[in-house]
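Please walk me through this model.

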Amino acid sequence: MPVRAPFLRTALLAAALLTACGTAPEPAAAPSAAPSGEAAGESAGKPSAEPSREPAVKAAGPLGGPGTACALPVSFSLAEGWEAAAIEKPKDPALASLVTQGPATVLCEAKSEGTPDIAFLRVWTAPKGSARSVLKAFAEADESKGIVLTDLKAGAVPAVEARYSVYSKLTEEWRRTRSFAVRTDGGAVVVVGLAGLDSGEEAVTAAYELAKSTLRLS
């Protein structure tokens, strides 16, 4: 499997550990859901009015542009302490599913190497579709529930964000995560999403928010 750096092995291990197969048992207490009015408003495309509570993080440099670790249809600032590497699709069709989720294929993975958290920021792409439809299918392809979609801006680019819970067989619990998607000028859809055991930690979500706020189309 051609890979630059050992990140694909990390990604595949994370996929094997964190991605459930089949139906997961419902936990005794489900995570708090947004009030029905709020969920309905967000699903209808109304931006959330809740102010960001994410702690500030320092940008280590850009990701996605020329000379960076990953050549992407978008670029954004990567947080300090995160290291990225490109992931190439396996030539063996039997292994291709390990780097796909729904309609999207992973292109790049950044790992929180310089932090105490076990988390990943991955960039996926789908060849066509709307940002909303691709993101919804992407989230549903994981073992997820409580998906709430919200229209917003990633940098100055129109985007859709999904916040939802995914089930981890490793820890036998549901964990909160989030992803956002934008449509490029060429028609492809790019999804930037969090993964890992600590995807809900403040320092991790701050790295995600930094990527979202600084995103530009390449």
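**The core and its central strand**

In this predicted model, the largest nonpolar core has 29 residues, and Leu63, Phe76, Leu78, Trp82, Leu121, Val182 and Leu215 touch the most other members. A nonpolar core is a set of buried Ala, Val, Leu, Ile, Met, Phe, Trp, Tyr and Cys residues joined through side-chain atoms within 4.5 Å. Buried means under 20% relative accessible area, with a 1.4 Å probe and protein chains only. Helix 4 (202-213) is among the elements that give two or more residues. Helix 4 gives the most, five residues. Helices (H or I, at least four residues) and strands (E, at least two) are DSSP runs, numbered from the N terminus.

Now take strand 10 (189-195). Seven of its seven residues are buried, so the strand is largely enclosed by the rest of the structure. Val189, Val191, Gly193 and Ala195 point one way; Val190, Val192 and Leu194 point the other.

Strand 10 has partners. It pairs with strand 6 in the antiparallel sense over seven bridges; pairing requires at least two DSSP bridges. Val123 stands opposite Val192 there. Strand 9 also pairs antiparallel with strand 10, over five bridges. Here Val182 is the bridge partner of Val190. Strands 9 and 10 form a hairpin with five residues between them, and Gly187 in the turn has a positive phi of about 100°.

How far can you trust this? Mean pLDDT (the predictor's confidence in each residue, from 0 to 100) is 80 for the chain. Over residues 1-53 pLDDT stays under 50. Where pLDDT is low, the predicted coordinates should not be read in detail.

Residues are numbered from 1 along each chain as its sequence is written. Local features need pLDDT of at least 70, side-chain atom pairs count only at pLDDT 80 or more, totals for chains, interfaces and linings use all residues, and side-chain values use heavy atoms, without hydrogens or water.

Terms used
Contact means heavy atoms within 4.5 Å. Buried means under 20% relative accessible area, exposed over 50%, partly exposed in between (1.4 Å probe, protein chains only).
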